[in-house]
Amino acid sequence: MNRTKTFWRFFLAHQDAQQEAWLEAQARRGWHLVKPGLFGFRFEAGEPREDRYRLDFQTTSTLTGQARLDYLALFRDGGWDCLGQAGNRCYFRARPGALSPEIHTDPESRKARIRRELRVLGAVGGLQVWNTFQVGARMSRASWQEGGSAAHRTLGWLFPPLFVLSALTVLLLGWCSWKLWRALRAEG
């Protein structure tokens, strides 16, 4: 029997609770996370367990050197093992004697986590809005040009799908930001 398996899943920025529940369901089936990824999660087969998983969002620029060591030591001392990091998300699993059932035990730390994620989404969203306007402007310029070279005709066909994809990405980022904003408001 193969002892490891990779599951491919996609979670949006605001779906940490769903991702944690999915990881816990895999543990109950006997699959335990050993390496998180952006889309691929590597699991190892074992006995079914009632593991608790939690995710934390940290910008990688703030978690370097001694700050990273202190951050991980804080969780380790609380009974949580760091399983790895995918993007800006750190994945933790509680040891049986964990001091707390959650990694963020107070509203202020939960709010700070959501604010960090909103700042990153805002920056990415702003760049994507600018990109969408750029593609739209080039598309409108290409549509006004008559004739032209083969490259211009090819770009004329290329810009509309790029514009639609870019606009859909802006909408998705906006929706994720709205969901996170609602979660922030729910924290009080």
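**Entry 1: a salt-bridge network**

I began with the charged side chains and found D16, D56, R89, R113, R116 and E117 linked in a network of salt bridges. I note here that this is a predicted model. Searching the whole structure, I came to 13 salt bridges. A reminder to myself: side chains of opposite charge can pair when their charged atoms come close.

**Entry 2: R89 and D16**

R89 and D16 form a salt bridge, with their closest N and O atoms 2.7 Å apart. This pair links distant parts of the chain, since R89 sits in strand β6 and D16 in helix α1 (residues 16–28), 73 residues apart. Are these two buried or exposed? I found R89 at 13% relative accessibility, so R89 counts as buried. D16 has 7% and therefore counts as buried too.

**Entry 3: R116 and D56**

I then turned to R116 and D56, whose side chains meet in a salt bridge at 3.5 Å, N to O. Here R116 belongs to helix α3 (residues 107–144) and D56 to strand β4, so I noted another link between distant parts of the chain, 60 residues apart. R116 and D56 are both buried.

**Entry 4: R110 and E187**

R110 lies in helix α3 and E187 in the segment after α4 (150–186), so the pair ties together parts 77 residues apart in sequence. I checked the accessibility of each: R110, at 28%, counts as partly exposed, and E187, at 26%, counts as partly exposed.

**Entry 5: helix α2**

I moved on to helix α2, which has 13 residues (65–77) and reaches 19 Å from its first C-alpha to its last, close to the expected 18 Å. Which residues of α2 are buried? I found Y71, L72 and F75. Seen down the axis, the buried residues of α2 fall within an arc of 90°, so they line one face of the helix. The cover over them includes β4 (53–57), β5 (80–86) and β6 (89–94). On the face turned away from the buried side I saw the exposed residues G65, Q66, L69, L74 and D77. Just after α2, G79 takes a positive phi of about 95°.

**Entry 6: the whole chain**

Finally I stepped back. I counted four helices and six strands, running β-α-β-β-β-α-β-β-α-α from the N terminus. Of the 188 residues, 39% count as buried. The accessible surface comes to about 11500 Å², and 61% of it belongs to carbon and sulfur atoms.

Terms used. Residues are numbered from 1 along each chain as its sequence is written. This is a predicted model: local features need pLDDT of at least 70, side-chain atom pairs count only at pLDDT 80 or more; totals for chains, interfaces and linings use all residues. Side-chain values use heavy atoms; hydrogens and water are left out. Helices (H or I, at least four residues) and strands (E, at least two) are DSSP runs, numbered from the N terminus. The expected span of a helix is 1.5 Å times one less than its number of residues. Buried means under 20% relative accessible area, exposed over 50%, partly exposed in between (1.4 Å probe, protein chains only). The arc is that of the directions from the helix axis to the C-beta atoms. Contact means heavy atoms within 4.5 Å. Accessible areas come from the Shrake-Rupley method with a 1.4 Å probe; for residues, only the protein chains shown count as cover. A salt bridge is a side-chain nitrogen of Lys or Arg within 4 Å of a carboxyl oxygen of Asp or Glu.
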